[in-house]
Each structure stands twice: as structure tokens, then as C-alpha cells.
Amino acid sequence: MSIVSTSDKAFAKNIPLFTPNLFSVPTLVIYGSNDPCILANDMIQLTQSIPVNKVELVVIDRADHNIQHGHARDELVRRIVEFCNELL
């Protein structure tokens with residue numbers, strides 16, 4: 001699985017490897033559909049590899065890698081709050 005969708009191997013080798021077995025708590029993965037840094041299929045594979053009971057992938061339409069700074073900020077916050085409230 002390639003977490004970084006770039007052909008620049010020097011850049012990619014500086015990205016820490018994803019280690020799914022380090023996850024032990026409910027996990028919310030949020031992805032922008034226009035993210036130029038991570039491929040959608042890679043994000044799906046990453047989410048499916050997390051070995052916890054509650055893992056949720058949220059894809060925010062038309063958001064890029066900087067979701068918190070764009071038009072989808074309100075949706076981002078809403079999704080985080082919803083996820084946390086489900087855990088209570």
C-alpha cells in the first residue's frame with residue numbers, strides 16, 4: 001500500500017511507515033475527496049487495516065488535504081463531534 005501518491009521516492013521515503021497494530025482505540029479517519037497527497041484506494045486500505053472494533057472512514061466531498069482550512073471545516077467539526085458522541 002502506498003500512503004503517498006507521488007513518484008518522488010526521496011519524499012516518500014521520509015514518510016513514516018503506517019503501523020496498524022499500534023491502534024487500540026476507536027478511530028475516525030477523515031479524507032478529502034480532492035486530496036492530492038493520498039489516493040482514495042490507499043485511504044480505504046489503510047482504514048480497513050486498523051484492528052479495532054470501531055473504525056469509521058469519512059470522505060468529505062470536494063475537500064483537499066487541508067480540510068480544516070477549507071470550505072468543509074464545519075462538516076469536519078460536525079463529523080468529529082458525532083463520532084465522539086457515539087462513544088459516550
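Mentor: We will take a helix, then a strand residue, then the cysteines. This is a predicted model, in which local features need pLDDT of at least 70 and side-chain atom pairs count only at pLDDT 80 or more, while totals for chains, interfaces and linings use all residues. Residues are numbered from 1 along each chain as its sequence is written, and side-chain values use heavy atoms, with hydrogens and water left out.

Trainee: Which residues of helix α2 are buried?

Mentor: An α-helix has 3.6 residues a turn, so residues three or four places apart point the same way. Helices (H or I, at least four residues) and strands (E, at least two) are DSSP runs, numbered from the N terminus; buried means under 20% relative accessible area, exposed over 50%, and partly exposed in between, with a 1.4 Å probe and protein chains only. In α2, residues 40-48, the buried ones are Asp42, Met43, Leu46 and Thr47. They lie on the same side of α2 because they cover an arc of only 135° around the axis, taken from the directions from the helix axis to the C-beta atoms. On the other side of α2, Asn41 and Gln48 are exposed.

Trainee: What covers the buried residues of α2?

Mentor: The cover includes β1 (27-32) and β2 (55-60), where contact means heavy atoms within 4.5 Å. Threonine 27, in strand β1, is buried at 9% relative accessibility, and its contacts include Ile50, Val52 and Phe83.

Trainee: How many disulfides are there?

Mentor: The count is zero, a disulfide being a pair of cysteine sulfur atoms within 2.5 Å. Cysteine 37 is partly exposed at 33%, and cysteine 84 is partly exposed at 39%.
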